[in-house]
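This report describes backbone geometry, nonpolar cores and aromatic contacts in a protein model. The sequence and structure are shown first.

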Amino acid sequence: MKVLGAGLPRTGTSSFKLALEQLGCGPCYHNTTLWERPAHVDLWQAVADGKGPAWQEIFAGFGSAVDWPASIYYEPLMQAYPEAKIVLTVRDADRWYDSMTNTILWALQQDMGPGMVKYSQLMTAHWERIFEGGINDRQRAVAMFHRLNREVQERVPSERLLVYEVQQGWEPLCRFLDIPVPADLPFPRVNDTGTFRQQLTAMRPEPART
């Protein structure tokens with residue numbers, strides 16, 4: 001494992017994932033990996049229940065991990081992978097909350113079919129725990145967002161940590177990872193709110209015909 005992301009979802013993690021893969025730090029484990037590997041939901045549920053991490057099983061074949069659920073376990077993961085560098089993706093807190101409201105919190109209110117029930121339950125339980133039940137309250141959630149970011153900066157050794165906004169592009173990321181800046185390759189910009197909703201809508205089961 002080369003890189004571990006400690007940033008919350010909707011802090012540019014999808015773009016960050018693609019950037020890491022383009023830099024040779026992939027494949028990168030991401031929230032969407034659970035869509036592709038539904039059996040992993042049970043593995044993460046076991047982690048959440050305190051039944052012991054299955055890191056080697058979860059991350060087999062991956063070179064990096066960003067976004068939920070991996071990012072909220074950055075502390076045990078940075079112990080399990082002592083050579084990995086930690087990147088905290090950040091953004092303006094109010095814009096982050098707007099994005100969360102229009103994507104992830106919106107998605108949790110949708111009927112995604114029986115195949116996504118466990119996924120939704122796992123995500124909901126994590127949000128309730130991380131934000132102490134206040135994810136639907138803007139002021140409280142924004143305060144928690146700032147607190148969580150401060151905690152990462154307090155708990156991760158400074159030599160292992162990069163605080164990073166994806167809008168900064170390649171230079172600070174490549175400098176931190178000691179990788180040359182890709183020539184003539186624009187930094188990826190993906191998964192805005194519209195794209196997120198389109199992808200999720202496409203996953204919905206077709207309504208039953210009568």
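Where is the place of proline 69? Proline 69 sits in the loop between strand E3 (64–65) and helix H5 (74–80); helices (H or I, at least four residues) and strands (E, at least two) are DSSP runs, numbered from the N terminus.

## Basis of the model

The model is predicted: local features need pLDDT of at least 70, side-chain atom pairs count only at pLDDT 80 or more, and totals for chains, interfaces and linings use all residues. Residues are numbered from 1 along each chain as its sequence is written, and side-chain values use heavy atoms, with hydrogens and water left out.

## Backbone geometry

Most residues other than glycine have a negative phi, and most peptide bonds are trans. The bond from tryptophan 68 to proline 69 is cis, with omega near 0 degrees. A cis bond also runs from glycine 26 to proline 27, with omega near -5 degrees; proline 27 belongs to the loop between helix H1 (13–22) and strand E2 (28–29).

Arginine 10, in the loop between strand E1 (3–5) and H1, has a positive phi of about 70 degrees. Its relative accessibility of 10% makes arginine 10 buried (buried is under 20% relative accessible area, exposed over 50%, partly exposed in between, with a 1.4 Å probe and protein chains only). Aspartate 178 also has a positive phi, near 55 degrees, but counts as exposed at 68% relative accessibility.

## Nonpolar cores

A nonpolar core is a set of buried Ala, Val, Leu, Ile, Met, Phe, Trp, Tyr and Cys residues joined through side-chain atoms within 4.5 Å. The largest has 47 residues, and Trp44, Trp55, Phe59, Trp96, Trp127 and Phe131 have the most contacts inside it. Helix H9 (138–155) is one of the elements giving two or more residues to this core, and H9 supplies the largest share, 6 residues. Another core, of 18 residues, lies apart from it and includes Phe16, Val66, Val87 and Leu162.

## Aromatic pairs

The whole structure holds 19 aromatic pairs (ring centres of Phe, Tyr and Trp, the last by its six-membered ring, lie within 6.5 Å; planes under 30 degrees apart are stacked, over 60 edge-to-face and the rest tilted). Tryptophan 68 and tyrosine 119 form an edge-to-face pair, with centres 5.5 Å apart and planes at 85 degrees. This pair ties together parts 51 residues apart in sequence, because tryptophan 68 lies in the loop between E3 and H5 and tyrosine 119 in helix H8. Both residues are buried.

Tryptophan 68 also forms a tilted pair with tryptophan 127, with centres 6.5 Å apart and planes at 35 degrees.
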